[in-house]
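Please read the following note alongside the sequence and the model.

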Amino acid sequence: MKKVMFQAILFSGFIVSGSHPVLAALPPNVARHKAEFVENLINQMTVKEKIGQLRQRFVSSEMPEAEVLQAITDGQIGAMFGSAPRPVSRVLQDAAVRQSRLKIPLFFGFDVIHGHRTIFPINLALASTWDMDAIALSGRIAAKEASADGLDMTFAPMVDIGRDPRWGRVSEGFGEDTYLVSRIARVVVNAFQGSTLSASDSIMACVKHFALYGAVEGGRDYNNVDMSSARMYQEYLPPYRAALDAGAGSVMIALNSINGIPANSNTWLLQNLLRKEWGFEGLTISDHGAVAELIEHGVGRTGKEAAQLAMVSGINMSMSDTFYAQELPGLLKSGGVTQQQIDNAVRRVLGAKYDMGLFEDPYRRIGIASEDPADINAESRLHRAQAREVARKTLVLLKNEKGRLPLKKDGVIALIGPLAKSGVDIMGSWSASGVASQSVTIYDGLKKAMNNGSLIYARGANLTEDQEVVKYLGASEIENDSRSSAEMIDEAVRVAKQADVVIAVVGEPRSMSHEAASRTSLDLPGRQSELITALYATGKPLVLLLMNGRPLSIGKEQKLADAVLETWYSGTEGGNAVADVVFGDYNPSGKLPTTFPRSVGQIPNYYSHLNTGRPYLPGGPRNYTSQYFDQSPGPLYPFGYGLSYTDFSLSEITLSTQILKSNKSVDASITVRNIGKRDGETVVQLYIRDVVASISRPVKELKNFQKILLKAGEEKTVRFSIDESDLKFFNAQLEYVAEPGEFRVQIGLDSQNVKEQSFELL
Ligand code: NOJ
C-alpha cells in the first residue's frame with residue numbers, strides 16, 4: 001500500500017507548480033519512513049540515474065551552461081559544489097525537480113569554513129578562544145548566512161590534527177590537541193546542523209579530511225601519512241569520531257594515503273573503521289578529483305580501475321567526477337562492481353538529501369524568487385556585532401613587558417607594515433564569499449577607536465619580493481610596492497620617529513596559509529624582520545601585531561618588541577576587534593591552540609610528546625638528552641599560553657582522594673585569584689600524565705578546561721571531576737583501557753607552568 005503511495009508521489013505530487021514546490025503536500029507519515037522512501041525511489045531508478053546521483057559538479061556564479069542543465073535534466077548530476085547566487089541555483093534545481101524523470105533534488109555544498117558572508121576569524125583563531133559558546137555562535141551564523149544563499153551543506157569542520165606548521169592548512173584546523181579539537185568538532189557540527197538538519201537555516205556538516213590529513217610528511221600538502229595504529233587511535237582519529245558522534249551527516253575523504261593505501265581506496269578506513277567500528281550511516285564524498293588521483297597514487301592503472309577501487313572501497317559520491325560517470329556502467333556490466341555497491345552509495349546520497357529536508361522542499365534554502373536578496377553583499381546581511389565579539393576573544397597576548405599594552409587613545413601612533421591596511425588578508429584563507437572592502441582593516445579599526453590622537457602610517461616592507469613566490473601565490477593576492485626595500489624602511493623609520501609608540505603589523509599574506517601553501521621556513525617573509533630591527537633602533541616603544549595562519553618562529557623579533565599580540569586572520573570585524581584589545585576596551589583572553597616553535601628545525605614540537613629514555617628537563621643538563629644542541633630547548637610559546645592585562649595566581653591542587661577506584665571519581669580543585677587591577681578571563685587547563693603503563697604515555701594530555709571570568713581581586717575555586725574514562729588509552733592491542741597505577745594531575749594557565757598532584761588508580 002505504502003509503495004503505491006510513494007510511487008504516486010514521485011510521479012505526480014513531485015511536480016512543482018510555481019517557484020515553490022510541493023512536497024509539503026506529502027502525507028505527514030512520509031517523513032517517518034526515510035528508509036522506505038529511499039528504497040522506493042531506488043527501485044524506480046535506472047543504472048544511469050543511479051550513477052548520476054553519485055556525482056558532484058562545480059557550479060560557478062554565472063548562469064549555468066546548457067550542458068550542465070542538460071546533464072541535470074538527464075539525471076546525471078546528484079549535487080553541486082561552489083557558491084552561486086540563488087537565481088542560478090534555482091535554475092539548476094528547477095532542472096532537477098521539474099525536468100528530470102524522477103525529480104530528485106540536487107543539494108548544494110560549499111566551503112563555509114570560517115564564516116560565509118560575514119567572515120569570522122580562521123579556525124586556528126577560533127580555537128584560541130577556548131570558548132565553546134563563541135565558536136558555536138560563529139558556526140550558527142555561518143549556517144544561517146550560507147543557507148540563506150541556498151546552500152545545503154558545508155565542507156567543514158576540518159578537524160585534522162595539525163602539528164606541522166609548515167603545512168599551510170594548519171590555519172583551517174583547530175590546532176594540535178586531540179581533546180580540544182574533539183570538543184570543538186562537536187560544537188561546530190551542532191552549530192551547523194542546528195536542532196534539526198531539515199530546518200531551512202541548518203546546513204549539513206561534512207567532516208574532513210578523513211583521515212589523518214594533518215600528518216602529511218614534512219607538512220607538504222597532499223603528501224603521504226605513515227602512522228602507527230596506536231597513534232592514529234589515540235591522537236588523530238578522535239576528532240573525526242567526535243564530529244560523527246555529534247551527528248555530522250557526511251564525511252570528506254582525505255587526499256593522502258595512509259600507510260601506503262590512499263584514503264580514497266582504503267577499505268580498512270572506509271569500511272572497517274568508519275562503517276563497522278564507528279557505525280556511520282551517512283554520506284562519504286571524495287575530495288576534489290580524488291577518484292582520478294588514484295591513478296597518480298599508483299594503485300590503479302586506468303580510470304576504470306580508479307573508479308572500481310573507489311566504489312568498492314566505499315566512496316559514495318565523487319567530487320568533480322569524471323570516472324564514476326564514464327566507468328561505473330561498464331564496471332557494473334563486467335562485474336567489477338556490484339549492483340549492491342552502487343545501490344548502497346545511492347542510498348547514502350538520497351538519505352543525505354532526505355535528512356536535509358530536500359524531498360519535502362527542494363527549495364528549502366534556495367527560497368522563492370521574490371525574496372532573493374537584491375544585493376547578496378548587502379551590509380544588512382552581515383553579522384558584524386557577533387563577528388567582533390568573537391574576534392576579540394581569538395587574540396592572544398604573547399608578550400607585554402612593563403604593561404606596554406593597552407595603549408592610550410591619544411598621542412601619535414605610527415602604524416607600520418604591509419598587512420596593516422589589507423582588507424583581503426585579514427579575511428584569511430577560506431573566505432570566498434567575503435568582500436575585502438567590507439573588512440575593517442587594522443588601520444581602520446585603530447583610527448576609528450582613537451580619540452584625539454593621530455595615526456600615521458607607512459607600509460615599511462613588501463610581504464615577499466621573490467617574483468616566483470608572487471607568481472605562485474597569485475599577483476592579485478600579493479600587491480607589491482615598487483619602491484626598493486631600503487626606501488620603504490627609511491620611510492617607516494621617519495614615520496616611527498614622529499610617534500609616541502610604533503605598532504608594526506607583520507606576518508604572512510593569507511595566501512601563504514592555505515591549501516597548497518606549504519613553507520620550508522616559519523620566518524617572517526620578505527624584509528619584515530629587517531623592518532622590525534630598524535623600528536627597534538628608533539628607540540620608540542614597539543608593539544608587534546602578528547597576522548598569520550600558522551605558528552611563526554619570531555624569537556628574534558619578539559625580543560625587540562615590548563608587546564606582541566597574535567591576531568591571526570581575524571575576519572570582517574578584525575580591525576575593530578584588534579583595536580578593542582590594543583586600547584584595552586577588551587582584556588585579551590586567548591590561549592594558543594598550538595605550540596610556537598623557536599625554529600622550523602624543531603618541528604614536530606607539540607606539548608603532548610612522549611618522555612623518551614633521555615628526556616631534557618628544564619634547568620637540567622642538556623648533553624645526551626633528547627633536544628638540539630644549537631638552540632635552547634623547548635618551544636618559544638607553549639600550547640595553552642596567552643597573557644592578560646591582569647595577573648592570576650594559582651593555589652596548590654587539592655584532590656578529593658589519593659586513591660581512585662573504578663566507577664568512582666576524583667575531584668581536583670584549584671583556586672585561581674585575579675591579583676591584578678582589571679577584570680579578566682583565563683583558561684584553567686587540566687592535564688593528566690599516566691606515569692607507568694604498558695606503553696609509553698605522553699608527558700601530559702589535556703583532559704578538561706574551564707574558561708572563567710574573575711573581577712579584579714576576585715578568586716574562584718575550579719573543580720574538575722576525573723574518572724576512569726579520562727585515564728583510558730589505546731594499548732598495543734588497540735584495546736581502550738585504563739591501567740592501574742600512578743597518575744599525575746597537572747593544572748595551569750598554560751601547558752608548561754602547572755601545579756601537580758598524584759593519585760593512584762586501583
Ligand atoms: C579541496 C580541499 O582539499 C577541500 O578541503 C575542499 O573542501 C575542496 N577542495 C572543495 O573546495
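**Note on the predicted model**

1. Ala211 is placed in the loop that runs between strand 5 (204-210) and helix 9 (229-236). The model is a predicted one. The peptide bond between Phe210 and Ala211 is cis, with omega about 5°.

2. A cis peptide bond also links Ile603 to Pro604, and its omega is about 0°. Pro604 belongs to the loop between helix 22 (574-582) and strand 17 (648-650).

3. Another backbone detail concerns Lys103, which has a positive phi of about 55° although it is not a glycine. Lys103 sits in the loop between helix 5 and strand 3 (107-110).

4. How do helix 4 and helix 5 cross? The axes of helix 4 (residues 66-73) and helix 5 (residues 86-99) come within 8 Å, at a crossing angle of roughly 30°. Helix 4 is therefore roughly parallel to helix 5, as angles under 35 degrees count as such. The crossing of these two helices is right-handed.

5. The surroundings of the ligand deserve attention. The residues around the ligand are Asp111, Phe155, Arg169, Lys208, His209, Met252, Asp287, His288, Met319 and Glu515. By type, this shell comprises 5 charged, 3 nonpolar and 2 polar residues.

6. Which distances separate the ligand from polar side-chain atoms? For Arg169, a side-chain N or O atom is 2.8 Å from an oxygen atom of the ligand. For His209, a polar side-chain atom lies 2.7 Å from a ligand oxygen. For Asp287, the distance between a side-chain N or O atom and an oxygen atom of the ligand is 2.5 Å. On its own the ligand has 300 Å² of accessible area, of which the protein covers 92%.

Notes. Residues are numbered from 1 along each chain as its sequence is written. This is a predicted model: local features need pLDDT of at least 70, side-chain atom pairs count only at pLDDT 80 or more; totals for chains, interfaces and linings use all residues. Side-chain values use heavy atoms; hydrogens and water are left out. A residue is near a molecule or strand if one of its heavy atoms lies within 4 Å of it. A polar contact is a pair of N or O atoms within 3.5 Å; within protein, one must be able to donate a hydrogen and the other to accept it, and residues adjacent in sequence count only if both atoms are side-chain atoms. Accessible areas come from the Shrake-Rupley method with a 1.4 Å probe; for residues, only the protein chains shown count as cover. Ala, Val, Leu, Ile, Met, Phe, Trp, Tyr, Cys and Pro count as nonpolar, Asp, Glu, Lys and Arg as charged, and the others, Gly among them, as polar. Axes are lines fitted to C-alpha atoms, for helices over the stretch in contact, and angles run from 0 to 180 degrees between N-to-C directions. Helices (H or I, at least four residues) and strands (E, at least two) are DSSP runs, numbered from the N terminus. Angles under 35 degrees count as roughly parallel, over 145 as roughly antiparallel, 65 to 115 as roughly perpendicular and the rest as oblique. A crossing is left-handed if the near helix is turned anticlockwise from the far one by less than a right angle, and right-handed if clockwise.
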